[in-house]
Structure formats: structure tokens, C-alpha cells
Amino acid sequence: MFQDYQVAYLRRHVKVKEARRLSFLRRSVGYVLSRSARKVPHAAAISHFDLTNLVEYNRTATDSDKQNGGSRSSEERLARALRRNYSAFFLKTIAHCLLDVPKMNAFLDYAPWRTGGTLYLAEDINLSFTVHTKYGVVKPIVRNPHLKDLNTVASEMRTLARRARQTDPEDLYRRAARAYMGTALRQLDLSGLPGLWIWLRSSLRPYRPNPEFKDIPEDRKLQVSDILGATCTLANIGMMMSGHQTVTVIIPPEVTMFGIGDVHLAPAVVDGKVEARPMVTICATCDHRAFDGGEVFPCCERIKHYIDNPALIYDWKPPNKA
């Protein structure tokens, strides 16, 4: 009784191999994203970028290394690795673009009955990026990558990704939910009640930590502070699979999410001729309550500017402090 009638019908007429209860992680993701899909008016701008200049820049630099007898220092080896993996380049590029289009680096308190709504433009640019693990996707945060050189950004991303794969997502998200629920109770925010109910129900059931992570020291795992506090999210499906495009679902109260596909060859018209060019598709999804979709296009123009001039990212150095 009291079960969804369509599910009940299927249970009666379809043979079921196994019934698996959703984990706390899956229930939490389902709650957050279904709430986002219901309440957030999504607007998506999908752009295709020609990476010829970026690929050529890295090929030239790699050829120069070979002519000089190959890289020797650890910094030179890191530089060569960066040229083979564009993840850090795109994350830092988007951080610089958000600096130029601040409305997209913000979080929204949409409360039409209480305040009418407030958009908080963040000074910090805290970019979370998705890491696929065998137990679920985790999104650790690189904080203010626009203030760090590319080597530092790449090093932080590698460290966070390694920690993500050494962390039990179920345990991590339980602790993150506890931090959120404490804030919801202090704010007397009734909209947090469904999330509180999910957390309470999971707390009543005995939780058995995954033995795979038992002997891993805490300092080699992600902490709650590593995944809470993002101002924008980057879903890089190109890191995980051969997928050209993804349309992302915003994670409130963030107002923007980027999705990046893999680098692939595609036909492009150049000087009236069709050529095979290295291309990437980037989808910028925005919350239409926070700003008009047209705000996304200046950001896309900035992304193109950095892709066409990759030295602006690869050679960027923090300004000397007086």
C-alpha cells in the first residue's frame, strides 16, 4: 500500500531480479537534482571551440623539449604532462572567465515571500570539478585557481582526485549532510526539512563503513571542507568517457554549471574548405532567475580568447606582492 501506482503495476507484471535500496549518496543526489530540475529555470548555451591553436601550442613546446634532449627537472616533466591533459587548462580558463563575468560566479537566495531574492556575487572563485569513482561522483573544490599558476592548479587537481578515489563517498556525504542540517536548523529553514528527513532516516539504519577504506589515513581522504563552499561547478565528462557533449543540471544555490566534452576531431569550415579540426564542446547552464541567458555569451567569448591564445593561461604567473 501507498506505493507509486506505476511502480506497483510493474512489480506485479515484471519479474524482478533484485531490489536494491538507494544509498544515502544516491538519495541525496536525487533530492538535490530533482529539486533543481523542478525549481530552477535552466538556460543552456552550447558552444563548439576549435582547439587548433591550443594543440599546436603544446605540440611546438613538446617538439622543443625533444630537440633539447627531453625534460629533466620535475617542473619540466610536469609541464609536459600538462600539455597532454587539458583539464587544468580548462578549469583555470573558466576561473579567469568568471572573474570577467562575475554574475556567473554567484549564489542565489530566491525567497519571493521573504526578501524577494538576493544574488550574492562571490569574490572567491571556488570551482568544483567532478571526479568519477567506482562508488559515485565526488566534486572537490579548487579555491581561487585564477590566483594560481597552472602548475599549482594541476597539482591541486591531481591531489584532490587521488583523495577522492581514496574516500568513501557515502561516509563523506553523510558528514556533509550533517553540516548542512546544522545550518538549516539554526536558520529555521523549513525547506531543509525533506533533506533533514532523508538524513534522519539514514541515521536510524546502522551504517557499515566500506572496509576498502578502513586502513587509509584521514589525511589522504577528502574532508567535508573539500566539497562544500563551491561557487561554480565544472563537469568534465571528457576526463571520464568519450562523450562530446553534456547538458548539466545546476546544483543550487550555485547559478552556473559548465559541462566539457572530450577533445575530438570534427569537420570545420576554414577559409571555405572543410578540414578535420580538434574540437571541444562546452555547455554553460545558468539559472535564469539570477540573470538573463545573454550573460553567458561574453563568458564564451572569453573562453575562446584563452583557447586561441593559450600562452595567457600556460604562462600566467601571480603578480609579485610588494
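1. Let's start with a definition: a residue is buried when its relative accessible area is under 20%, exposed when over 50%, and partly exposed in between, using a 1.4 Å probe and protein chains only. By that rule Asp271 is exposed, because its relative accessible area is 77%. Asp271 sits in the loop between β10 (264-270) and β11 (273-287), and its phi is positive, about 55°, although it is not a glycine. (Strands are DSSP runs of E, at least two residues, and helices are runs of H or I, at least four, numbered from the N terminus.)

2. A quick word on what you're looking at: this is a predicted model, where local features need pLDDT of at least 70, side-chain atom pairs count only at pLDDT 80 or more, and totals for chains, interfaces and linings use all residues. Residues are numbered from 1 along each chain as its sequence is written, and side-chain values use heavy atoms, with hydrogens and water left out.

3. Now look at Asn144, in the loop between β7 (141-143) and α6 (150-164). Its phi is near 55°, a positive value in a residue other than glycine. Is Asn144 buried or exposed? Asn144 counts as buried, because its relative accessibility is 16%.

4. Next, find the loop between β8 (232-236) and β9, where Pro253 is found. The peptide bond from Pro252 to Pro253 is cis, with omega near 5°.

5. Strand β9 (residues 256-260) holds Thr256, which counts as buried because its relative accessibility is 0%. A polar atom of the Thr256 side chain lies 2.9 Å from the backbone oxygen of Met104. Not counting residues up to four places away in sequence, Thr256 touches (heavy atoms within 4.5 Å) Met104, Cys232, Thr233, Ile250, Thr285, Cys286 and Phe291.

6. Over in helix α2 you'll find Phe24. At 2% relative accessibility, Phe24 counts as buried. Leaving aside neighbours within four places in sequence, its contacts include Glu170, Tyr173, Trp199 and Ser202. Phe24 and His146 are 122 residues apart in sequence and 34 Å apart in space, C-alpha to C-alpha.

Conventions
A polar contact is a pair of N or O atoms within 3.5 Å; within protein, one must be able to donate a hydrogen and the other to accept it, and residues adjacent in sequence count only if both atoms are side-chain atoms.
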